[in-house]
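Thanks for coming. Please have a look at the model before I start.

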Amino acid sequence: MKKFTYIMLSIVLFGAKSLYAQTPKGDVLIQNATVLTVTQGTLEETDVLVEDGIIKKIGKDLSASGSIETIDATGKFLMPGIIDAHSHLALDVVNEASAPITAQVSMADVVNPFDVGIYRALAGGTTVAHGLHGSANAIGGQSITMKFRYGTYNPEDIFMKEAPRTIKFALGENPTRVHGRGKNIQPRTRMGVEAIIRNGFAEAQQYKKAWESYNSVKDKKNSTATPPTYDLRLQTLADILDGKIIIHCHSYRADEIYMLINVCRDFGVDKLVFTHVNEGFKVAPELAKYTMGASVFSDWWAYKFEVYYSTAYNAAILMENDVITSINSDSDELIRHLYHEAAKTQRYGGLTDEQALSLITINPAKQLGIDEFVGSIEEGKQGDLVIFDHHPLSVYAVPQMTFIDGVKYFDINEDEDDQRIKVSPTEMVEPVYLKAEDERCMHGVELFMQEAAAFNHTH
Amino acid sequence: MRKINLTIYALLFFLLPVLSYGQIEGEVLKPEGGSFLLKGATVVTVTNGILENTDVLISNGKISSIGAGLSASGATEIDCSGQFIYPGMIDSGTRLGLVEVGSLAETQDYSEIGNVTPNMQALTAINPNSVSIPVTRVSGVTTVLSVPSGGLFPGTAALINLNGYTPDQMYTGFKGVPMNFPTSARRGRWDRRSDDEIKKDAEKALKDINDIWERASTYMKLEDAEADLQYYPEMQQLAKVVRGELPLLIEVNKAEDIKNALKWVKEKAVQNAILTGVSEGFRVADEIAAADVPVITGPVLALPSRNSDRYDAAYSNPGKMLKAGVKVAIRTSDAENVRNLPFNAGFAAAYGMGKEEALKAITIVPAEIFGVDDHLGSIEEGKSATLFISDGDPFETSTQIMHVFIDGYKVPMTSRHIRLYQEFLERNPGLEKH
């Protein structure tokens with residue numbers, strides 16, 4: 001009988017554990033740091049207390065109950081975890097390039113928690129990244145916002161569940177090359193890209209209408225109405241029209257950026273962020289007024305023709321024109337030093353420290369719709385923090401520790417040579433990659449593109 | 001400090017219209033020749049320490065004197081108080097001038113058809129009017145090695161200064177022949193060859209190189225014997241390498257390959273070998289040091305080559321090689337973003353190389369490797385006036401580069417990037433047309 005009770009108890013406990021299983025949350029007290037809050041100025045010699053994953057208190061001489069780990073950060077700098085608004089890291093596949101609109105696919109299905117790149121990004125202070133579909137299609141798949149909780153085997157553990165849904169759009173050379181030139185179907189031009197998006201939105205309006213008229217009569221007595229065929233692709237587009245999904249649009253030229261602003265205004269869509277947006281500076285006032293901002297490279301240009309008339313001063317011009325601006329990586333390499341990428345806006349445009357830091361913290365958080373949780377050091381926000389030995393905008397800054405939800409995922413003093421979680425049992429010799437292919441926007445489109453092999457940069 | 005920075009930015013902002021007069025129709029900013037007296041700077045000579053409150057006189061394209069309280073009639077005076085003078089930075093491996101738009105075949109001039117084309121001259125294809133050149137030089141990078149790529153012997157690289165209207169005006173004294181050493185590594189994610197195939201390919205490539213070397217040696221002997229030789233430009237060029245007239249730039253990255261390359265250099269008694277790439281140099285640093293072969297490594301801002309590597313493998317590689325006693329120069333391997341050279345050096349500095357050595361790795365060390373240290377790589381009397389003036393440490397992104405001199409020419413501090421900034425910072429019409 002006693003045995004039975006134990007068995008029952010353990011079953012109940014096990015069940016309860018899986019019911020309430022959640023991502024780890026930690027407690028930590030970081031003392032005496034120069035705290036770069038981003039939203040509330042710089043606080044000298046200040047403590048930050050994180051309890052159960054949340055920043056409980058910011059102030060001087062804080063104390064914590066006995067068991068909480070205390071870190072002396074005297075002489076060091078504490079900033080919010082860095083947020084990358086555009087990445088393909090930890091995604092096994094990036095492009096479903098088979099049609100100009102593939103809104104039905106989702107990057108949540110291809111997240112690979114074993115990617116050692118996650119650890120490397122953490123070692124560079126990056127805690128949150130937006131994993132996007134590639135740029136092969138005018139309307140690509142849905143993206144996934146991740147918190148880099150390295151160490152788990154379960155992809156869902158690294159999803160940031162509070163984050164709203166997002167989707168990838170793409171304009172210009174990539175969709176026209178893949179479909180128009182590669183497959184001989186629309187779009188082949190920027191005119192075609194506009195038409196594809198307008199057609200998609202219009203079709204979604206009809207789909208919505210069909211469901212609305214069905215829903216309005218289905219509960220009536222003796223209703224014989226039959227439901228319209230469910231279509232995930234159109235439902236996703238309908239969700240965009242309903243403001244449930246934020247668009248992150250791969251774009252380069254000013255004309256195409258302006259085009260999508262107009263299309264979205266026509267369809268009443270205002271949750272729109274432009275990414276790459278190398279010529280965004282030319283339509284900065286429009287971006288400021290009609291969009292949720294622009295996420296740009298710090299200095300990449302000339303890797304393809306549509307970014308030839310670009311400038312490293314892009315971010316500074318956008319900032320000074322009140323566009324919500326962020327610096328993204330789109331690269332497994334740059335994601336490791338976004339603090340340095342942001343710092344380049346001081347050379348190219350003389351942004352202040354606070355402006356430069358906002359480019360990789362609170363601004364990308366706003367663009368991903370997660371700024372109430374992360375992106376600054378404020379009481380009540382999640383405990384995503386990075387400690388640097390120098391000011392993070394200095395080229396000599398080396399990240400020392402990285403926390404997500406108060407849990408330490410990187411500590412330079414505990415860093416080991418090999419940080420892989422999983423080692424392949426079939427690989428006889430470990431591959432050595434001479435040319436690190438960290439640009440993946442066009443990953444997986446080789447079938448459609450004979451010219452693909454000739455590309456070095458494929459963003 | 002912030003306040004001072006802000007003031008500088010504010011000043012810069014108000015000075016922008018002055019800098020931008022080049023945009024006025026009919027007026028063009030050109031490199032300015034003549035004599036210049038740079039007054040009261042902190043001179044970072046690289047080879048002779050740091051000189052406070054020192055003047056530098058530039059005349060006839062050269063640094064004619066360095067000292068306190070210099071005067072020179074007719075020289076344009078530039079007040080450099082509170083500022084720093086550095087020698088121009090040298091990027092020892094780029095595609096600058098050989099490509100305009102990365103993805104467009106029509107503008108790619110770095111890779112010729114053929115596996116053995118050492119006679120292809122980078123200097124021929126360098127476009128002095130490339131938009132990337134002003135973009136690069138305003139950052140203080142004044143000198144680059146432009147390198148062809150592809151195949152076993154892709155061509156002949158050339159060292160150029162980033163000012164001039166013809167490649168010959170830009171050429172500054174060094175040519176070398178790159179060779180891609182056969183590798184047992186995968187070239188990238190798309191390289192789906194089996195381990196066996198990779199091994200076979202590498203063996204075949206090495207056999208090819210040995211055959212070619214043999215032939216070049218024979219060609220050299222025949223040439224030395226003044227034999228009547230048929231036109232054979234590939235061998236003519238390689239014979240110069242065998243003879244030691246031209247250095248061999250051996251591109252090699254994987255640790256095992258580096259060891260093989262060093263062995264090969266010894267076997268073939270290559271007289272003037274330089275290793276390039278060397279991304280896994282840290283694994284075999286002692287062997288490289290013992291072989292006494294100089295290294296051009298980079299980009300430093302790169303991913304580790306193996307998944308099992310430490311996250312900072314690429315950042316710390318130059319420092320580790322230096323500690324082992326290797327002569328190390330740093331390159332970006334870039335074209336349009338060669339301006340990131342000081343940041344590559346900055347990361348190398350932060351991850352073990354130290355500031356002073358990292359600065360050397362992009363000034364005097366490459367000058368020595370290329371044998372051009374008689375006129376480049378440091379601030380010394382008699383050397384070329386190829387230098388820049390900054391308001392701080394050039395590795396720091398918050399530092400502004402104030403002036404750049406190349407071969408004594410004061411180059412205009414503008415580029416298409418800066419002109420776009422000037423035009424679009426405040427657009428007119430703004431959102432509405434009034």
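Over all chains of this predicted model, the number of disulfides is 0, a disulfide being a pair of cysteine sulfur atoms within 2.5 Å. A:Cys249 is in none, and the nearest cysteine sulfur, that of A:Cys264, lies 8.1 Å away. A:Cys249 is buried, at a relative accessible area of 0%; buried means under 20%, exposed over 50%, and partly exposed in between, with a 1.4 Å probe and protein chains only. B:Cys80 is buried as well, its relative accessible area being 0%.

A word on conventions. Residues are numbered from 1 along each chain as its sequence is written, while chains are lettered from A and ligands numbered from 1 in the order in which they are written. The model being predicted, local features need pLDDT of at least 70, side-chain atom pairs count only at pLDDT 80 or more, and totals for chains, interfaces and linings use all residues, while side-chain values use heavy atoms, leaving out hydrogens and water.

Now the sheet. In chain A, 8 strands form an open sheet with mixed pairing, in the order β6-β7-β8-β9-β10-β11-β12-β13. Strands are DSSP runs of E, at least two residues, and helices are runs of H or I, at least four, numbered from the N terminus; two strands pair if DSSP finds at least two bridges between them. β6 (82-87) and β13 (325-327) of chain A are the edges: each has a single partner strand, so one side of each is without a neighbour in the sheet.

Inside chain A, β8 (residues 139-147) and β9 (residues 165-170) run antiparallel, joined by 3 bridges. There, A:Gln142 stands opposite A:Ile167 of β9.
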